[in-house]
Amino acid sequence: MASDPLLEVHQVRRAFPKADHGELIVLDGVDFTLAEGQIVGLLGRSGSGKSTLLRLIAGLARPTAGRISYMGKPVNGPAAGIAMVFQSSALFPWLTVLENVQIGLEALGLPESEIRRRALAAIDLIGLDGFESAYPRELSGGMRQRVGFARALVVHPNILLMDEPFSALDVLTAENLRSDFLDLWSEGQLPLKAVILVTHSIEEAVFMCDRILVFSTNPGRIVNEMTVGLTHPRDRLSPEFRQLVERIYVELTMRAPGSGRTPRAEHFPGTGIGSILPTVSASLLTGLTEALAEPPYNGAADLPAIASSLHMDVDDLFPVAETLQMLRLVEVEGGDIRLTEVGKQLAVAPLDERKRLFQRNLLSYVALAAHIRRVLDERAAHRAPRSRFLDELEDHMTTAAAEQTLRAVIGWGRYAEAFAYDDNTQTFSLENPT
């Protein structure tokens, strides 16, 4: 008979109040269990609520609805036996490595000798023996993150929550730390029963996890669960590994039958003033069209292949691909990306023609850009304050999302010479558009 799960997440919902008295729903109907011996990955785009869910599990926040149970008891606050590693090491700069690791034990009221013994053992375990007296400023980014791991492990948690712990590190350091962690886990040297890893890297999820929960965005929901049946150590170049990576890319770009948009985003970018726009630079947009137009792709590519060649993760590639799709410069479906006819023209056009094509599609398919241009055209002075559009956006989204959306459209509008923007006066105008 299977043992009871360590953790149960049942119909969890998390919402925040909006300025218009509505709700911003970050998580909705999230259901899953965590069993002993598992590393479970939460995979999805930024904004899918993965980190929010981790904070709810850690007891650092409360769900709006639903329940979370740890070892059969409801999580109503920080739970003994659940520890967390953050994206940044978050060390106290005035404390040494040893003191930073010990601080997690001091709250438990253990004898000083036991605190020191366990802290030294944790430091040795994660490979920093000899650096006990060093301060964070003396350590590299990877070493600081190792201290963060030691501080979490020293309390001997049953569940370790990891919130993108490798994303702030360079590629080689991150790979080394991942491999070291998996070696210790596989050898049973870590004082853990289970791990939950938040990531936006498909390859990282397949490399590390036993199960992968794929999240949608706006709001965050689990749209698929995948079991990774590969044994450790895993070979990133093996056909089985590549097939699973491809399958997840397909899942993340799958379209609903008969619809013209992805089911993963309830508000397809650009379809209305209330759509949140990603802050993707025009240079990234045009750069991806150029890369697609050139050999070996010649206008079409598998997303995993081009992501690998450009060294881009999900959070890097998908906003670019989806923005290009919004502009009708590419089509994205089933893990593939293809240039449209206009996209092919734009990729090889001289700069002036490229800007003209970009402007035409920007004003045709991005409602906010068209709205700003229309307001400027209609006003005698052809000027409008930033606040005029920010107030409109805040009727549909949070202030932070409105700021992000306006920044995005300002960048695209400037590149396309559809309108100008003066940040000193915070004013839109038609001073230099073609």
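I took two strands as paired if DSSP finds at least two bridges between them. The model I looked at is predicted.

**Entry 1: the six-stranded sheet**

I looked up the strand order first. The open sheet has six strands in the order β6-β7-β8-β3-β9-β10, and the pairing is mixed. I found β6 (82–85) and β10 (222–227) at the edges, each pairing on one side only. On average, neighbouring strands here are turned by 15° against each other, direction ignored.

Strand β9 (residues 211–215) and β10 run antiparallel and are joined by five bridges. Within this pair I noted Leu 213 opposite Glu 225 of β10.

Which helices pack on the sheet? One of them is α4 (residues 141–153), which touches β6 and β7 (159–163). The direction of α4 makes about 175° with that of β6. I also listed α7 (residues 239–253), which touches β3 (39–43), β9 and β10. For α7 I compared directions with β10 and noted about 170°.

**Entry 2**

I followed strand β1 (residues 7–17) to its partner, strand β4 (residues 65–70). The two run antiparallel, with five bridges between them. Leu 7 has Tyr 70 of β4 as its bridge partner.

Tyr 70 came up again on going to strand β5 (residues 73–74), where Tyr 70 stands opposite Lys 73. β4 and β5 pair in the antiparallel sense over two bridges. Their hairpin has two residues between the strands, and I noted a positive phi near 50° for Met 71 in it.

**Entry 3: helices α12 and α13**

At what angle do α12 and α13 pack? I read about 95° for helix α12 (residues 351–365) against helix α13 (residues 367–378), with the axes 5 Å apart. Angles of 65 to 115 degrees count as roughly perpendicular, and α12 and α13 are therefore roughly perpendicular to each other.

I listed the residues that make the contact. From α12 they are Gln 359, Leu 362, Leu 363 and Tyr 365, and from α13 they are Ala 367, Ala 369, Ala 370 and Arg 373. By class I have six nonpolar, one polar and one charged.

**Entry 4: aromatic pairs**

I counted eight aromatic pairs. Why is the pair of Phe 149 and Phe 181 classed as tilted? The ring centres are 5.6 Å apart and the planes stand at 45°, so the pair of Phe 149 and Phe 181 is tilted. Phe 149 is in helix α4 and Phe 181 in helix α5 (residues 171–186); the pair links distant parts of the chain, 32 residues apart.

Buried or exposed? I checked Phe 149 and Phe 181 against the cut-off for buried, under 20% relative accessible area. Phe 149 counts as buried because its relative accessibility is 3%. Phe 181 counts as buried because its value is 5%.

I next took Tyr 421 and Phe 428. Their ring centres are 4.8 Å apart and their planes are at 50°, so this pair is tilted. Both Tyr 421 and Phe 428 are buried. I also found them in one aromatic cluster formed by Phe 389, Phe 419, Tyr 421 and Phe 428.

**Entry 5: helix α9**

Which residues of helix α9 (residues 303–310) are buried? I have Leu 303, Pro 304, Ile 306 and Ala 307. Just after α9 I noted His 311, which takes a positive phi of about 55°.

Conventions: Residues numbered from 1 in each chain as written. Predicted model: local features only at pLDDT ≥ 70, side-chain atom pairs only at ≥ 80, totals over all residues. Heavy atoms only, no water. Helix = DSSP H or I, 4+ residues; strand = E, 2+ residues; numbered from the N terminus. Axes fitted to C-alpha atoms, helices over the stretch in contact; angles between N-to-C directions. Contact = heavy atoms within 4.5 Å. Parallel < 35°, antiparallel > 145°, perpendicular 65-115°, else oblique. Nonpolar A, V, L, I, M, F, W, Y, C, P; charged D, E, K, R; others polar. Phe/Tyr/Trp six-rings, centres within 6.5 Å; stacked < 30°, edge-to-face > 60°. Buried < 20%, exposed > 50% of the residue type's maximum accessible area, 1.4 Å probe, protein only.
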